[in-house]
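Here's a quick tour for anyone meeting this structure for the first time.

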Amino acid sequence: MTQLTQTPSSLSDTLSLTCGELLVQWLEYYGVETVFGIPGVHTVELYRGLPNTNIRHVTPRHEQGAGFMADGYYRASGKIGVCFIITGPGMTNIMTAMAQALADSIPMLVISSVNKVKDTGSGEGHLHELHDQQGMVSKVALTSKTIWQPESLPKVIAEAFALFNGARPGPVHIQLPIDIITADASHVAKPPKLTAIANSEAGTNNLSLPQVTRPLPNPTQLDLIVKSLQTAKKSCNTLWGRLRRCRSRCTAIGRADRCANVFDN
């Protein structure tokens, strides 16, 4: 009878936390509840971390569908939709949905793989390789960033959610080389436990979710817009993806009543 034993090195490998798994933990910390995507060989490490969270996964039949699902999910719920997308063709497929989200100011976080660090942009014909994936996607995103080492993960994720909450929102793209997704991240900063955050709200510690405030509209300019619309004989208003928060912004600057006349008529 053969008895299997674990050496110290193999035990260490078993207990390590990969960059992909840690990324999913940070997503949960920022309040992500649903991820859309199609599992692939390049993104399997992201999916390995999902069972350890409360994040729900929805599988479409096409990456473009994943993007439009994330778009509609935000429009219906007000919550950020996240997509897990494979290198190359997966990214070209989702770009249509990203372009629409950019035009409509719909926040969406697209996380993709890319070829290994040494192979990225090499032009050697690696699986799903594109000449410049980041450059391509940056045309339909607020920003596109590559995580070149696990230590950069918390900062890049924080920057993405700061953009969603502190500026005109839209899609953000983050890509990880496949050898970074699987790299050990046990030494990288981990998100505070959600239970600790709940305790902080009760005053038991100082932990809290990061808060970013979007600039409010200029009251004088808003008054001018309302006056122009009210005195117009024939007006046609095209209101895009930001209508969801218009009322709250008007309330914050004391113009709720005046804006309501425009929105309701």
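Let's start inside the sheet: V114 stands opposite P177 in β6. Strands count as paired here if DSSP finds at least two bridges between them. What you're looking at is a predicted model, in which local features need pLDDT of at least 70 and side-chain atom pairs count only at pLDDT 80 or more, while totals for chains, interfaces and linings use all residues. Residues are numbered from 1 along each chain as its sequence is written, and side-chain values use heavy atoms, leaving out hydrogens and water.

**The big picture**

- The protein chain has twelve helices and six strands; these are DSSP runs numbered from the N terminus, with helices (H or I) of at least four residues and strands (E) of at least two.
- The chain runs to 265 residues, and 42% of them count as buried, where buried means under 20% relative accessible area, exposed means over 50%, and partly exposed is in between (1.4 Å probe, protein chains only).
- About 14,300 Å² of accessible surface belongs to the protein chain, and carbon and sulfur atoms hold 54% of that; the areas come from the Shrake-Rupley method with a 1.4 Å probe, and for residues only the protein chains shown count as cover.
- Take the contacts (heavy atoms within 4.5 Å) between residues at least 6 apart in sequence: 74% of them join residues at least 24 apart.

**The sheet**

- Six strands form an open sheet in the order β2-β1-β3-β4-β6-β5, and the pairing is parallel.
- β2 (56-58) and β5 (143-146) sit at the edges with a single partner strand each, so one side of each has no neighbour in the sheet.
- On average, neighbouring strands of this sheet are turned by 20 degrees against each other, direction ignored.
- Helix α4 (residues 63-77) packs on the sheet and touches β1 (34-37), β2, β3 (81-85) and β4, with its direction at about 170 degrees to that of β3. Such angles run from 0 to 180 degrees between N-to-C directions, and axes are lines fitted to C-alpha atoms, for helices over the stretch in contact.
- Helix α5 (residues 89-104) packs on the sheet too, touching β3, β4 and β6, and its direction makes about 160 degrees with that of β4.

- β3 pairs with β4 in the parallel sense over five bridges, and V110 in β4 is the bridge partner of C83.
- Looking to β6, the bridge partner of S112 there is Q175.
- Together, β3, α5 and β4 make a right-handed β-α-β unit; right-handed means that, with the strands pointing away from the viewer, the path from the first strand over the helix to the second runs clockwise.

**Out at β5**

- β5 has a covered face, with S144 and T146, and an uncovered one, with T143 and K145.
- From β5 the chain crosses through α7 to β6, in a right-handed β-α-β crossover.

**Where two helices meet**

- The axes of helix α2 (residues 19-29) and helix α7 (residues 153-166) come within 10 Å and cross at roughly 35 degrees.
- On the α2 side, C19, L22, L23, W26 and L27 meet L153, P154, I157 and F161 in α7.

**Loop residues to look up**

- K79 is in the loop between α4 and β3 and is partly exposed, at 35% relative accessible area.
- Leaving aside neighbours within four places in sequence, K79 contacts E33, Y73 and Y74.
- T43 lies in the loop between β1 and α3 (44-49) and is buried, with a relative accessible area of 0%.
- Beyond its neighbours within four places in sequence, T43 is in contact with I38, I85, I86 and S113.
- S105, in the loop between α5 and β4, counts as buried at 2% relative accessibility.
- The phi of S105 is positive, near 60 degrees. Most residues other than glycine have a negative phi.
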